[in-house]
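This briefing accompanies a predicted model.

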Number of protein chains: 2
Amino acid sequence: MQASNPKFKKLLAKYKEISLLAEINRILSWDLNVNLPSKASMTRAGQAAYLAAAVTEKWLDKDFYNLFENLRENQDKLSQEEKAAIRNLEWAGKFYFRVPKEMIVEKAKTASEAFMVWQQARNKDSFSDFRPYLEKIVGLDRLIAERLGYKQNPYDALLDLFEPQLTVSFCNVIFGQVKNELVTILKKIKESKKYRQENKRLESESIFPQQEQRQIALYVLRKMGYDLEAGRMDISTHPFTDTLGFGDVRMTNRYKENDFKESLLIAMHEGGHALYEQGVKQDYQRTPLEGGVSLGIHESQSRFWENQIGRSKEFLRFLTPVLHAFYPEQLLRFGEEEIFGLFNRVNPGLIRTEADEVTYNLHIILRFELEEALISEKIKVADLPLLWREKMKKYLGIEPKTDREGVLQDVHWASGSIGYFPTYTLGNLYAAQITHKLKKELNLGRLLERGELGTILSWLRTNIHQYGSLYWPDELIKKVTSEELNPKYFIDYLNVKYGGIYRI
Amino acid sequence: MQASNPKFKKLLAKYKEISLLAEINRILSWDLNVNLPSKASMTRAGQAAYLAAAVTEKWLDKDFYNLFENLRENQDKLSQEEKAAIRNLEWAGKFYFRVPKEMIVEKAKTASEAFMVWQQARNKDSFSDFRPYLEKIVGLDRLIAERLGYKQNPYDALLDLFEPQLTVSFCNVIFGQVKNELVTILKKIKESKKYRQENKRLESESIFPQQEQRQIALYVLRKMGYDLEAGRMDISTHPFTDTLGFGDVRMTNRYKENDFKESLLIAMHEGGHALYEQGVKQDYQRTPLEGGVSLGIHESQSRFWENQIGRSKEFLRFLTPVLHAFYPEQLLRFGEEEIFGLFNRVNPGLIRTEADEVTYNLHIILRFELEEALISEKIKVADLPLLWREKMKKYLGIEPKTDREGVLQDVHWASGSIGYFPTYTLGNLYAAQITHKLKKELNLGRLLERGELGTILSWLRTNIHQYGSLYWPDELIKKVTSEELNPKYFIDYLNVKYGGIYRI
């Protein structure tokens, strides 16, 4: 981006250091997840903490803050990009500007301890071991919310840390609609004849060697337009995507030899994140407009490729010969219809990360409701295991026998990320709304049947990716779809698709 | 290490930041060599330059310098470790303290440009393209040498940057002896009957798949005692070892499918560097006593494992069944004697990195002589191609037809590392002297035949590795072998070994 005046140039120069240090820390974090020898974990923790402290120092630099404040107060003369940059700095800087440093340090320390305790507590299925740490995190987050400020609900302050401007009242409206519809759809599916007949023979019978899974994933990523000269696909326990700098957007995958579908869907999901990052204007590199704008919009891109594309009948029709050719013994007996069925089986389960398209958001809404109640002090941490069971029973019709499969399953609370979960459902809703718009301009079915994913990427680049963080989520979704976020598109999509599959 | 007073504690705290930043830059550099997508090279260059500037800033910090100076001037009360730390800081800081910042920046910029020009010039076999850049580097290094200071020869100042206290006059004496002896041994070998009969059938006939080469290399590394939970072995074009922090000493290898020997010898060579780093006391982590003491001593460890162990008759006897088992079709027809022969064939060639034990040091001495003459202005850069040919003819009896196989072959001058080469030969000489001592205390032949490499590592840890940078090279070699560096041990070793092989 171009700066119109010397003060803004100075501000950008100072921000560039923050951005560089953050890039470097992401290199360390990528390496930690992909390569780090086990005995080096303390060493790496020290290196990352040093960089994190350096970043905090840059945010708290007085000259930086004064420049920022001065420009923020005189925004009239600024360009659209400059105004957006100031808005983003205000949003990203809020945590540093408003929360006392000791509180930030205390939170980081607590989260780091809690993470280690949680790992053991989950293995031992002992919520009581984890409880005091979660209580401390909730307590700290309440204090942090007070410092950050909010209009109605302290949880608003935490939601905004992950998705700018997101509020409880907004979520209540949207999630309320979604929840009712999902519970209804799920009930119908479970009553359908097909649901009751579905078999599981594929997973239990065949072996799908990793090498071919990787080849298929890379083939699909190339078709999607992922630039492997500006990225990589490695292996990690929990797949993720990260931007280590311009021209260096890496993703990871994992391979299960008894399931050929997961690594493909992960590749498309992470590929969606990666394409978003690869598509941002180079001009925004190391400025406050760099990168995808929010977790919700980011998730819309990953879910778009994973679900709207990857699980679609037309794309799977296109891919079936490839799957057959790589795994003839294992898959040749499955036709297009059956492959499509395998990728779209509804199966209410206890684990969020293994959930299908229909039940996934119920897992999220459950967590949103519990987080809101915790932060606004309607419930206590000690109440969580029981409430979790009750809600699972109510929404999905199943109940975990252990906390390991219940309240202890996710890393988010242990790592101090209360307020993160809702962005997953926002992503699903955005994705459906974006797809609805895209279908008006492109013959999506035809493109998918022919495997012409490049046209789809071009559309996303033109309408979304290039802008990086120029538009905020609500502006962007309006700009792209001429409408505010509307859950109707997602509900319609599910009704049509699963109504067809389960003949309801 | 323990600090005896608050000033020293302060100094160590400040040094810790330098060390942390350097570790982080090594993570970036490792990733650059092993993983970086091609389109991210400018991005990575920016990240590394930012960290390098941050390190320079720390070195030039006034408080740091004042603390250092104050402690340096009052060394009487300091412990042995503290004195060594001050000595190391003086040595490592010299470049920052004495050379003006602009000159450092100019040198870094020139080297970076020269490196890129050199890559193309080498491909095109055009020394004239590279000449002006090398002239600039030599000119800058002369200026830098003046700032660093020296007693007799400006080249001394550059040698000392790579090996503390190394001088031209010392090298002249040692290298002079070595050169004469090597030329004589080589002459005898070339006149021997065996040399004239040697065949090359192995390399041209068989294929050795990479997967097995890696397995053999990892097996030998484990036998050597390399801790794979505190390290890794990846792939890179130019193999190297680097310490990314305590518990994280990584090496790389490369695999040629028509040669099973190279990747094994590289593993043992890099493993030697890595074992040295893994063996330094944890107490020295992020202090001025961290890491191996010098390039020369480091190279002694890599050459020890590569040549004194890896190319020995006894170790290859031990390894032969493993090689046979992995590659029965390719190797079962070669007995122990023949395998030993394959690993120890003398074959004067144009390329330093492919040289055998006998000719290797002649390549180095040639470069040392040219560097010395360049820096003390006895010759010009333009004279290099001709002088190179003359010396190759004189020392090795062969002459390059192209500069690509001659003066353009190495990266060192292009990357601005004039003064580096001699440390390779020092390493070979140290390794032979250390082995001579080790054999007095351990039954080396017996240990090798049984593959009991752990005992050897213990000896090296006790006598060398644990000390990190506590003792300087001359102190260390005296402490270990009760004698100053003496090239006799290396000459004796070559005479006995190759006298036997070539029956001379």
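Phe97(B) lies in helix 4 of chain B, which covers residues 80-98.

**Phe97(B) and its surroundings**
- Leaving aside residues up to four places away in sequence, Phe97(B) touches Trp59(B), Phe64(B), Tyr65(B), Phe68(B) and Leu89(B).
- Trp59(B) is 38 residues from Phe97(B) in sequence, and the two C-alpha atoms are 7.9 Å apart.

**Helix 23 of chain B**
- Helix 23 of chain B (residues 488-501) has 14 residues and should span 20 Å at 1.5 Å a residue; its end C-alpha atoms are 20 Å apart, so the two values agree.
- Its buried residues include Tyr489(B), Phe490(B), Tyr493(B), Lys497(B) and Tyr498(B).
- The buried residues of helix 23 pack against several helices of chain B, among them helix 8 (168-191), helix 13 (295-309) and helix 19 (422-441).

**A sheet of chain B**
- Three strands of chain B form an open sheet in the order 1-3-2, with mixed pairing.
- Strand 1 (233-235) and strand 2 (241-243) are the edge strands, each pairing on one side only.
- Direction ignored, neighbouring strands of this sheet are turned by 30° against each other on average.
- Strand 2 and strand 3 (residues 249-253) run antiparallel and are joined by three bridges.
- Asp242(B) has Arg250(B) of strand 3 as its bridge partner.

Technical notes:
Residues are numbered from 1 along each chain as its sequence is written. Chains are lettered from A and ligands numbered from 1 in the order in which they are written. This is a predicted model: local features need pLDDT of at least 70, side-chain atom pairs count only at pLDDT 80 or more; totals for chains, interfaces and linings use all residues. Side-chain values use heavy atoms; hydrogens and water are left out. Helices (H or I, at least four residues) and strands (E, at least two) are DSSP runs, numbered from the N terminus. Contact means heavy atoms within 4.5 Å. The expected span of a helix is 1.5 Å times one less than its number of residues. Buried means under 20% relative accessible area, exposed over 50%, partly exposed in between (1.4 Å probe, protein chains only). Two strands pair if DSSP finds at least two bridges between them. Axes are lines fitted to C-alpha atoms, for helices over the stretch in contact, and angles run from 0 to 180 degrees between N-to-C directions.
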